[in-house]
Structure formats: C-alpha cells, structure tokens
Amino acid sequence: MNMAFPKPDMTLAERLFAQLQQMSFDGKGITRDAYGPGEQAAHNLVRQLASELGFEVVTDAAANLYVILPGTNRKAKRVVIGSHLDSVPSGGNYDGAAGVLAGLAIVAGWKAEGLVPPCDIVVMAIRAEESAWFPISYLGSKASLGKLTRDDLAIVRRDNQISIDQHIRSCGGNPDNVVEKAPLFGADSLRAFLEIHIEQGPVLESAEIPVGIVSGICGSLRYRFASAYGQYAHSGACPSYCRQDAVVATAELVTEMHRKWHEMENDGHELTVTFGRMFTDPIDADMSKVSGLVKFSIDFRSRNPATLELVNNHLLMFADHLTERHGVQFEFGEQSRSAPALMDSHWIAAFEHSATVLNIANRLMPSGAGHDCAQFVNCGVPGAMLFIRNQHGSHNPDEAMEFADFNQAVTVLNHAIVTELLNL
C-alpha cells in the first residue's frame, strides 16, 4: 500500500468501543434507547471526542450528529460516512456503532496526517434507526432527508408513550424545523453515503470471509399488528366441527407461508418470511379454552418489489381460505413498506479494487436487513456498504465481532475513499 495513504486511527475506535460497552451495558446486553438516555450518552461521547480532536461538530433539527473534516472546496458535494448509535433492547455493542466509529477512525487518521480532502468528509451519527422503540424505521435518516411528517412526529415510543416530537425536543432538536425547513445537508448536496455495518447473519462467518461488499438492500412489506379472531369455547365441551380456533388457523397460515417461501426460493425468488411476534390474550386465553384471539406480525423481505407483491397476494388469498375452513377472521392491520435499494456500481467497483490491492478476502452479497444507507439511496444519493463478519448474529447480547475484521473493513473503506478523492 502506498505510504501516502493516511491510516485510520484504530486505537481511537477500539477505545470508543470499550467506552460504549461500559456505558450501555444493562446487566444482560447493550441498550441504547432511541431518543433516550442510552442513545444520548453515546452521542455525547462522540461529540465530546470529536470536539477535542478539533473537528467541526453540528447537529440538525432531528438531533442527528455530524462530525466534519473540512475540504478545500466547502461548496463541493460531501462524502458522508455514517450509521446509527441506538440499539435494540439488550442487543449488542457493534450493530450501528461500528459504522460511526469506522468513520471517526478514518477522519481522525486524515487529520493526524494533515491531509485535506477536496470536499468535506462528514461522519454522521444517525438517530433512531431501530424500529424496536418506535413503530417506524429509520427515523433519524428520514428526518435528515426531509421525509418526516407531522403525523410521524405524533407517533409515541412503545415503552413510555411519549411522542417523537417530545423526544426530539428532549435531545436538543427542533421538530418544527424537521418538517418546515430544508434539511441541513440535503440529498442534492451529497456525493456519496458510505456505511460499514456488521453483517448480522451467518454468511461471512460460515464462509470464513472477513468483509462483505453489499450489492443491494432488501425492501420489506410488513404487518406489524395482525390478528386472527375466532371464538372462545370450552376445551372439553366443544367438538372439532364446532370450533373457530384462532390458534389452529394461525398455525396453518404460518405453515403455508413457509411452504410458499421455499417454493418461491426454488423458483429463483430472493425472499425471507418471518412471523416475529405471536401470542394469545394473556387474560382471556387459558389451558382449558379454545382460543378466540391470536395477535402476530409478518415481515416479508426481498430486493424485488414484484416478489413482495406475489407473496403478499398469496397471504391474503390463503387467509380467505382459512376463514372459510375455520370460521376465523384475519385482520392484518396497517401495511408498512420500505423500498429496496441497489448500491452504487461505481463504489462497489472501488471497494472491490481496494480489497484486491490490500489482499483482503471479500464477497459480494445482498443485505437482508435494512439500513440507513437505503434511505439515502432512495433519495438519489450514491450509496455503498461494507459488511464485517460477526459471530452469533445480531439484536442479541451475544453479538460479537473480531476487531481484526473491523480493521480490515475500515482499511478497505479508507483506501477506496482516498483513491476516489485524492487519486493516490
């Protein structure tokens, strides 16, 4: 590697991972609640360190944080390196944070060596990416792109019933400006949005490959609050032909949708089908009752919108069949969607070139999980992502990541940015 290349400050990143772990441990896992004390403490840590290092530090109306390494042309389109700092309840330390710390390591390395880029390089710590806290995904990135509405701001957080509007205010933001004024850094002012993230699945780990280059991010079609309504009855006194059993009908729906999933995969569709929440009524349900109510959620994901439509149509058709068969009514509730996003081919090629030059093993792969990068791509910003292999998956306390793998992904990203901006 050419010695003119600046080296990321990996010592800084390692120290910040340790500090985040210590301040966010809840006794079981890592909790950095969106627009709450956990996420705010992480933002304060990044802000303080960036200020001490002499970077420009600003926040937008939604309290997203921007650490800026100024370029020679301050009016040129900016390169943003970003991810989120919130976590799911009792999650892991690397989901999201790895992307922010990667950006800090890169700009700190550039600053230490006195290199000035031709345009601003911005490290973005994004608010509220996880949908575990609010029933809406990518709050911070949507707000930064001017995509939130007044109705969105009225949505309440699940655990405390306090609105997004109030949460933004409590974190120093201005929700009125989120919907009334232009974004601080609009999509048309960005040259690229680049994100590093742990993979969150087993593909890289099982293949013994440290780095993934993301080809695209799956879109989703979801029913967060679906219900099956049957009829409560005595378990011993109600014969089979009289039953309207919500549990049996829902179980058949799950079985059929998994059968359809595998059929569609065999036909070449890229798809996942997940029933993530499922429960009977905690008061009315009983061991000696036929259940009259099941509540559940459905999450379909694919990079192909046509695939999502196909599997959704099958869901609705089979639910009608189950209504006729069991006398159970399905109400799927409000449908929510996120659009798929294809990564920028130029940046994919840059990542592949850098990995080859650095002799770092990698593979091109899709992302089944959603990420903030997709929001920028769908607003017209060229976007690209690198995955770091991780152990034990994500959204759980056992989430893990080898620092050597993080180092390799950051080195690839740094090399690609230097090559693109400085032509070294």
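Predicted model: local features only at pLDDT ≥ 70, side-chain atom pairs only at ≥ 80, totals over all residues.
The expected span of a helix is 1.5 Å times one less than its number of residues.

**Figure 1. Helix H9 and its span.** Helix H9 comprises residues 246–266, a total of 21 residues. From the first C-alpha to the last, H9 reaches 30 Å, close to the 30 Å expected at 1.5 Å a residue. The buried residues of H9 are Ala246, Ala249, Thr250, Leu253, Glu256, Met257, Lys260, Trp261 and Met264. These residues cover an arc of only 145° around the axis, and therefore lie on the same side of H9. An α-helix has 3.6 residues a turn, so residues three or four places apart point the same way.

**Figure 2. The surroundings of helix H9.** The buried residues of H9 pack against several strands, namely S7 (219–229), S9 (272–274), S10 and S12 (293–302), together with S13 (329–331). Helix H10 (305–326) is also among the elements against which these buried residues pack. On the face turned away from the buried side, H9 carries the exposed residues Thr255 and Asn266.

Figure 3. Tyr241 lies in the loop between strand S8 (233–234) and H9. With a relative accessible area of 71%, Tyr241 is exposed. Tyr241 and Val100 are 141 residues apart along the chain, and their C-alpha atoms are separated by 58 Å.

**Figure 4. The buried strand S3.** Strand S3 spans residues 78–84, and seven of its seven residues are buried, so S3 is largely enclosed by the rest of the structure. Arg78, Val80, Gly82 and His84 point one way from S3, whereas Val79, Ile81 and Ser83 point the other way. The residues of both sets are buried. In a regular strand the side chains alternate between the two faces of the sheet.

**Figure 5. Strand S3 and its pairing partners.** Strand S5 (residues 190–198) pairs with S3 in the parallel sense over four bridges. Leu190 in S5 stands opposite Arg78. Strand S4 (residues 121–126) also pairs with S3 in the parallel sense, over six bridges. Within S4, Met124 is the bridge partner of Gly82. Between S3 and S4 the chain passes through helix H3 (residues 97–112), forming a β-α-β crossover that is right-handed.

**Figure 6. Asp284 in the loop between strands S10 and S11.** Asp284 is located in the loop between strand S10 (278–280) and strand S11 (289–290). Its relative accessibility is 35%, and Asp284 therefore counts as partly exposed. When residues up to four places away in sequence are not counted, Asp284 touches Tyr232 and Lys289. The C-alpha atoms of Asp284 and Ala237 are 17 Å apart in space, and these two residues are 47 residues apart in sequence.

Figure 7. A disulfide here requires a pair of cysteine sulfur atoms within 2.5 Å. By this rule the count of disulfides is zero. Cys218 is in no disulfide, and the nearest cysteine sulfur, that of Cys373, is 13 Å away. Cys218 is buried, with a relative accessible area of 9%. For Cys379, the closest cysteine sulfur is also in Cys373, at 12 Å, which is too far for a bond. Cys379 is partly exposed, with a relative accessible area of 26%.

How values were computed
Residues numbered from 1 in each chain as written. Heavy atoms only, no water. Buried < 20%, exposed > 50% of the residue type's maximum accessible area, 1.4 Å probe, protein only. Helix = DSSP H or I, 4+ residues; strand = E, 2+ residues; numbered from the N terminus. Pairing = 2+ DSSP bridges. Right-handed = clockwise from strand over helix to strand, strands pointing away. Contact = heavy atoms within 4.5 Å. Arc of directions from axis to C-beta.
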